[in-house]
Amino acid sequence: MITDSTTDAERDGARRRTTYLLVDGENIDATLGGSILNARPSPEQRPRWERVLDFARGVWGADDVKGLFFLNASHGTMPMSFVQALMAIGFQPIPLAGEAHEKVVDIGIQRTLDALADRAGDVLLASHDGDFAPQLAALLGPGRHVGMLAFKEFTSTQLQQLTEGGLEIHDLETDVQAFNVRLPRLRIISLDEFDPLRYL
């Protein structure tokens, strides 16, 4: 008689689907403030990060979402109220420190994307930075969803080119609905999305 040594818990774990959500907080904040608002975002103009987690849970039907929020802590300090708020909604803050010439957040995210190549699960990255294109390209393939959360008009060309290989780009404002306010964006609008009342 052949017995199956796999436990019910192991079989259940094998069936569970995880989405890894990596957030390049500096990049999102810089794009929002420098390219869209032309000013430091006020609290009500910032993304509602709990909605981003909800989107990550629903977009591909994940059983679990692992939210990793990368922060630059090279100056020896952290925005503790923000960090605590992130933890309260389910993110794992990752405050990184390094030398002045190092892009610590980029390096941390690149290393994490490399590590995910050997791990099952889907991947969402909130950023616009083309520096992540090689790592994302390596993740593309059968059996895994890979996507970006960004303002589409500011997504780097290197990332946009990866859509031919299966990379999905989801707009933080229109797809994720991460904001409580309408942002003053100038971008190409599909006819399906065009609402003339917005401009009258």
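View 1. The model shown here is predicted, and local features need pLDDT of at least 70, side-chain atom pairs count only at pLDDT 80 or more, while totals for chains, interfaces and linings use all residues. Residues are numbered from 1 along each chain as its sequence is written, and side-chain values use heavy atoms, with hydrogens and water left out. Strand β4 (residues 122-126) is joined to strand β5 (residues 146-150) by four bridges, and the two run parallel. Strands (E, at least two residues) and helices (H or I, at least four residues) are DSSP runs, numbered from the N terminus, and two strands count as paired if DSSP finds at least two bridges between them. Between these two strands comes helix α6 (residues 133-139), and β4, α6 and β5 together make a right-handed β-α-β unit. Right-handed here means that, with the strands pointing away from the viewer, the path from the first strand over the helix to the second runs clockwise.

**View 2. Strand β4 and its cover on both faces.** Five of the five residues of β4 are buried, and the strand is described as mostly covered. The term buried stands for under 20% relative accessible area, exposed for over 50%, and partly exposed for values in between, with a 1.4 Å probe and protein chains only. On one side of the strand lie D122, L124 and A126, on the other V123 and L125, and all of them are buried. Strand β4 also pairs with β1, in the parallel sense and over five bridges, and within this pairing V23 has A126 of β4 as its bridge partner.

**View 3. The open sheet of six strands.** The strands follow the order β3-β2-β1-β4-β5-β6, with parallel pairing. Strands β3 and β6 stand at the edges and have a single partner strand each, so one side of each is left without a neighbour in the sheet. On average, neighbouring strands of this sheet are turned by 20° against each other, direction ignored; the axes behind such angles are lines fitted to C-alpha atoms, for helices over the stretch in contact, and the angles run from 0 to 180 degrees between N-to-C directions.

**View 4. Strand β2 between β1 and β3 in the sheet.** Strand β1 (residues 18-24) and strand β2 (residues 64-72) run parallel and are joined by seven bridges, with L21 standing opposite G67 of β2. Towards strand β3 (residues 91-96), β2 pairs in the parallel sense over six bridges. Here G67 has F91 of β3 as its bridge partner, and L68 stands opposite Q92 of β3.

View 5. R185 is buried, with a relative accessible area of 12%, whereas E153 counts as partly exposed because its relative accessibility is 27%. A salt bridge is taken as a side-chain nitrogen of Lys or Arg within 4 Å of a carboxyl oxygen of Asp or Glu, and the structure holds 11 of them.

**View 6. Two further salt bridges, D54 with R57 and K103 with D106.** D54 and R57 both lie in helix α3 (residues 49-59), three residues apart, or about one turn of the helix, and their closest N and O atoms are 3.2 Å apart. Both count as partly exposed, D54 at 48% relative accessibility and R57 at 37%. In the pair of K103 and D106, the closest N and O atoms are 3.3 Å apart; K103 counts as partly exposed at 49% relative accessibility, whereas D106, at 8%, counts as buried.
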